[in-house]
Amino acid sequence: MALRRGANRRTSIPLWWASLLIAVLLWTPLPAQALEAGAAKLPITPPLGTPLNGYYARLGQGAEQVHDPVWVRCLYLADDDTKLFLVNADLCIINRELRERVLELAPREVPRENIILTATHNHSAQGAMCRNLLWRSITGRYMPEVLEQTAGAFAQVMHEALQNSTRAAIGYGTATQDNLTTNRRFPNGPRDSQIGVLRVEDSDGNAIVIAANIAAHPTTVDGDDFMSISADYPGYYYTALEALSNPGCVAMFFNGAEGDQRPGNPERKADGWDLTESIGRLLATRVKQLANTITCTEQPISLARKNAVLPLTMADSFLPTTTILQTLEIGDLLMTFIPGEPCVDIGLELRRRALARGYASQFTVGLANDHAMYFVPRELYGQRIYESGMNFYGPGIEDWFYREFDELMTRGEPAAVPAPPGEPALEERKSVLYMRIAGSPYEMGFQQGAALGETLRANYAREVVARCESGEWVPDSGLWPLGAGFINKTPLALLRLGIGARPLLAGLSTETLSMLEGMADGAQLPFDALWLVQCLPTYAATATEETGYPLEQMYLTPFCTMFAAVGDRAGAEELLVGRNLDWPAAEAPLVVEVRPDTGHRYLQIGFFWNLGVFTGMNDAGVVACVERVEAFGQPTLDGPPVEVVLSEVLREADTLNEAIALMESAKHVRGYSVLLAGADAAGAAIIEYNGKVQVRRPTNGIILGVTPEARKEQDEETDAALPVLTVDELRYQRVLDLLNEERIIGPEEIEAVLMDRQAGRTGKDQIRNAWTRHSVVFEPRELRLRVAVQGEDGEMSEFETFSLSEAGK
Amino acid sequence: MSDAPRTYSGSLKAGGRRRKVGRSVRAYGGCLTFLVVAFLFVGSIYFFWSTRDNHDANEFVAADQKYAFIVADVLSNRSVIAQSQVWNALPPEWGVEGIQNVLLQESGLPDWVLNNLITGDIYISGNDIDSFSDSVLVARMSRVGDLLEQMHRFSGSIEKDHAGGLGLRHLPEPDVYYAVRGRYLVASFARSALINALTIAPENRMAPDVFAKTMQQSGAEHVRGLMAFHSDDAWGEVFESISFALRIDANEAHLKCHATLRDMWRERFQKLVGGVQPQPLVMPPPGAMAALSANFGQSLESVWTGLGEAFGWTYFTPEQWATWKRIPDDGQAGLPQLATRVLGPLGPDIRVCLQGIDVNEMVPAPEIVVVAEAEPQAVDLTFAELAAAPPTIAPWRLDETQRRLHLPMFGGPSIEPTAAPFEDGILFSTSRTVADALLGEDGSAASAATRPLGQVGNLFVEVHPLPLVEGMVEAGRLFAEIDGLKKYTPETFEEAATNWLDRAQRVESLTALAALQGDTGEINAELSLRCRAGAGRPEAQ
């Protein structure tokens, strides 16, 4: 027994040691994986005569001289798990033809998906590599031999970097700069003050690669040198940095979120090569200073990649619908590669999110792998700036990037992606179609878009696409009439329309914009297409002079009737509003109850396609109606359609005065009359937009959309002065006469007025006419409204009551 | 059975019977022979009488026919014509498939029957030159064919049509009316046209010698014809008459035409065509997709102003030309000065060709070359004037060493018009690349473009459809890829392109040569269509 115990002790000692060893091994952090790196560079200067990329103004003509060579530079990185090539070239973009050919020729040692191709966005290097006809307007004619030579150099530089690989260490650092870059659109606009530096060195501490990351367009070559080949300021940077570094060090440059960024001019140089040299030299000096402080170690590297489906675009004829997103993690550093030109706000937000996920630093690298043009933040989308005009994926593109890169980041937890909102059901109440949407603005828009998508898409196809296809909306000026009859100009005409409608977004609240985005997504329409549909009535009213399109044929100008009785005239109700919407297009009416997470609930009566409010009331008893008044002039295209502004009023306004104040601030509105009423004050007002903003109050307890003012005109036969009223005034005079028949006006009297069809009248002079699509009686104090709509048979339905009070939900 | 031998002896009765029969046969045989001979005699008489040739073909042809076609020996040529590759090369919209089907169609009748029904040439004529609905066909039958037709009348598939005693026949299936007169088969799709043909008064018939001359074959053509137009006919405003001869072989088709211009039209275009005579033409530059060589005996400027006179076009007046040509006082020379000075002196010999389509240019660019004769003094003067123009304001670039004029526009060299004097005129190209290639370093390469055509005429056109269609398809594909073509998606375009290329690859070349006698208004033209052998086989439908 004792022997047995002793034997146990003898066997348990080695076991104990083994266990201890295993525990120590498990507890001790593993040493960094062996890192290898190599670098190489090759000139890719094209022959003279090759068209340069970047400017329409060059008209595709060939380069006339070489100022300095353009390069492709490559860093090869490998550890036990990952091998990759990180390539930067002094090109304007990485176009698809180039990428595909490079990937065909690249060394097989590295998986295709681990090759990251970036361009510095140099505007003075070869174009000639795009087969797509539309791109050729910037890149010049397609020269397969230039593509082949350039792609061959890319492959060769990868081979050489691979051959040069050696045991290496890597590190990074960041510093701030306050004058190397600046915002090119807004003097004090946002800029990225970060300089990011990546240093890779061999086992002797000699730099293999020093790479810089800042955000600024390389567009300093101009004037007499406009047709010169050059690497722009990155070229001077390479030369200066390599001169400052050990022999064999390859300088690299990764441009950042440079969409709206350009180089600064710290040394106050005149335009020309002096300025180019100054920026390159200053950048190299700062980068070298920073690189000298970086301690390199064997840090783990990892790549993530996604072939992502881009948001819908009206430019899908010539822009990609899918693209490549990549991230490269080097220790605590995240490098985010974007296939185009993001504006700086997007880069800054990506950095903020990366840091929040636990990364120590983040570099945004634009112009990577693909080029889907510019990406602007939401607040710039409606601005008349070049970058916004070249952003083809809607105002939500920034969120799309945040969402997609959120998935690619490996640290921290990605934000939960909300499930798509459900689709609301359409209810029929006494022939009145009703729908309720609720949630965040995006969710509400999505619900409406999803429920009514078919109608929205049909409206877009019928009212916009078909008119472009027929040539009706293809402009007849400039270059538009050129081209043979078989050329389909529709895609470009649509694009022009879509871009042209964006300035109407100016001044729109983020909530409404978000709701529009949701509506577009729900309806599966590009944002620009959805917004175009929303703007059609405004375009219609502006007719041809401002837009160049015969848009009045789309929707005949609506004419309406709206009035209010206040105070004693409304009896116990204290405030009653009557409203007929006369709309020439025979479209199905719809009542939508909007229940936002924040702001007021409201009911709006309109059609299947509109997000704005033609007729509506919120749960504070604020009523809003709009009427087009031709005598007030044409609407402007400087801001959102008036009905969209009214939707914001109903969401925001607690009182009549707040509503009036909001509408008074809508200075861009013209050619309309807006009736506002508020239960709080038991009052109403008409805001007239006739070039000035004028507020009109009730007279004798009555206020009408248009006040009949008979003018005297000489009768030619009798030479007598006869009173003359316009058609609108005739209609309103009838309203006034009917209201004046009653001393106290109740809801039933309002209904009767709205349904009046005076004998002997047949057109616009009738209160209820063939174009009356809905009639509404508002009882704001009761938060109640009665709605009748025109059926398919042309007859009005019975009035159906809707309530915004809690009890009436 | 017993093996016992049996003997027979002929009985008298039996022998007598045999003899009796023999006598009877002889007796009856003689009678039968007589009957057969008589029948054959009568039959022969009927055969010869009923198939007698007692009519002439011209009896069924009016003297004032607007059109007449003679199809030579259609039955012999039918197979060769039907199997020709030419049918595959022609656009299906022309309805050629129907003609081919008719030629390939099995009639259900043995060849010997057909050969007897239609012997030799057939004559088709009528007056409705727009729809040819009143065509009357006259064909000569052999006696056997005539007899077979008479026998076929009893088959029941032919309806009798008394037609006031004219004795028409109606074939319901192809809806054809016909009548037989002597050994002539007269047929038409239009009953009234047939009746008219059968009842032409002798004085209105085509004279026998005229008819005989018409029927006389001039060469190896398969079809020949004549169309005489009234001034209100579709082509009558321009032409008085057109005659033609067509031959279709296994891989080729040749069409010769002779047309006479109407006096009114000739007067209207007097300035353009008045003194025109056929000229020795020069070959267009080699390697073209499509080429044209023309010589109307006058310069481009004269042609331009002549068009203005003929049509009254505003911009085609001599005054307008002079305005464009004059360099303004401020020296601001521009495109009008360049165009009029370079193009104006060109002629009378002008060759134009489409050398290619550069689909890699900023926009797909046709590469056109114009090689034209011009007065050397005019060319020298033009280049001297252009050289003197201030280079900063003139839109062109003049290479004085090589004497080449370039007009850089947008894009690359294929959209850079270039002109240079060479030999007896000017070479102009829309593409600098093509011009340089044709001119060479010293312009010597262009002499390849001056080989004589070897034929006399005023206009020569040659088209090679395959490279032309290939170029157009490649250009169209670029537009289709960006949704830039009406009615086509990239997919439907590829489908259509496959069809176009298939058709184009069947044709080797299409050539036309036309000669105009300005004083008489007569035009002679020859068209040839050459197909690639074995590029598609016709099939019986």
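This report walks through a predicted model with chains A and B, from their interface to some local details.

**Where the chains meet**

Let's start at the contact between the two chains. Chain B brings 22 residues to it and chain A brings 20 residues. Together they bury about 1,800 Å², and 53% of that lies on carbon and sulfur atoms.

Two salt bridges are counted between chain B and chain A, and 11 residue pairs are in polar contact across the interface, with both partners at pLDDT 80 or more. Sorted by class, the chain B side that touches chain A has 12 nonpolar, four polar and six charged residues.

A salt bridge to look at here is the one where the side chains of B:Glu481 and A:Arg131 meet, at 2.7 Å from N to O.

**Salt bridges elsewhere**

Over all chains, the structure holds 59 salt bridges. Here are a few of them, including the one from the interface.

| Salt bridge | N to O distance |
|---|---|
| B:Glu481 and A:Arg131 | 2.7 Å |
| A:Arg185 and A:Glu387 | 2.7 Å |
| A:Glu593 and A:Arg601 | 3.3 Å |
| B:Arg506 and B:Asp502 | 2.7 Å |

Take A:Arg185 and A:Glu387, whose closest N and O atoms are 2.7 Å apart. This pair links distant parts of chain A: A:Arg185 is in the loop between strand S7 (181-183) and strand S8 (194-202), while A:Glu387 belongs to helix H8 (residues 386-389), 202 residues apart. A:Arg185 is partly exposed, because its relative accessible area is 32%. A:Glu387, by contrast, has a relative accessible area of 0%, so it counts as buried.

In the pair of A:Glu593 and A:Arg601, both residues are buried.

Over in chain B, the side chains of B:Arg506 and B:Asp502 form a salt bridge at 2.7 Å. B:Arg506 has 12% relative accessibility and therefore counts as buried; B:Asp502, at 31%, is partly exposed. Salt bridges with shared partners also tie A:Arg131, B:Glu474, B:Arg477, B:Glu481 and B:Glu494 into one network.

**Cysteines without partners**

How many disulfides are there over all chains? The count is zero. For A:Cys535, the nearest cysteine sulfur is that of A:Cys468, 15 Å away. A:Cys535 is also buried, at 0% relative accessibility. B:Cys257 is likewise in no disulfide, and its nearest cysteine sulfur, from B:Cys531, is 18 Å away.

**Inside chain B**

Chain B has 17 helices and 22 strands. Of its 541 residues, 43% count as buried. If you take contacts in chain B between residues at least 6 apart in sequence, 64% of them join residues at least 24 apart.

B:Ser429 gives a close-up. This serine is in strand S18 (residues 425-429) of chain B, and its relative accessibility is 0%, so it counts as buried. The B:Ser429 side chain reaches the backbone oxygen of B:Ile368 at 3.1 Å. Leaving out residues up to four places away in sequence, B:Ser429 touches B:Ile368, B:Val369, B:Glu416, B:Pro417, B:Thr418, B:Val434 and B:Ala435.

Most residues other than glycine have a negative phi, and most peptide bonds are trans. Some spots in this model go the other way.

A cis peptide bond joins B:Gly347 and B:Pro348, with omega at about 5°. B:Pro348 sits in the loop between helix H13 (335-343) and strand S13 (349-358) of chain B.

Then there are positive phi values. A:Leu367 has a phi near 55° and is not a glycine; this leucine lies in the loop between strand S17 (361-365) and strand S18 (374-375) of chain A. Phi of B:Lys487 is about 70°, again positive in a residue that is not a glycine, and B:Lys487 is in the loop between helix H16 (465-481) and helix H17 (490-504) of chain B.

Is A:Leu367 buried or exposed? A:Leu367 is buried, because its relative accessible area is 0%. B:Lys487 counts as exposed, with 83% relative accessibility.

Methods. Residues are numbered from 1 along each chain as its sequence is written. Chains are lettered from A and ligands numbered from 1 in the order in which they are written. Side-chain values use heavy atoms; hydrogens and water are left out. Contact means heavy atoms within 4.5 Å. Buried area is the accessible area (1.4 Å probe) that two parts lose on being put together, summed over both. A salt bridge is a side-chain nitrogen of Lys or Arg within 4 Å of a carboxyl oxygen of Asp or Glu. A polar contact is a pair of N or O atoms within 3.5 Å; within protein, one must be able to donate a hydrogen and the other to accept it, and residues adjacent in sequence count only if both atoms are side-chain atoms. Ala, Val, Leu, Ile, Met, Phe, Trp, Tyr, Cys and Pro count as nonpolar, Asp, Glu, Lys and Arg as charged, and the others, Gly among them, as polar. A disulfide is a pair of cysteine sulfur atoms within 2.5 Å. Buried means under 20% relative accessible area, exposed over 50%, partly exposed in between (1.4 Å probe, protein chains only). Helices (H or I, at least four residues) and strands (E, at least two) are DSSP runs, numbered from the N terminus.
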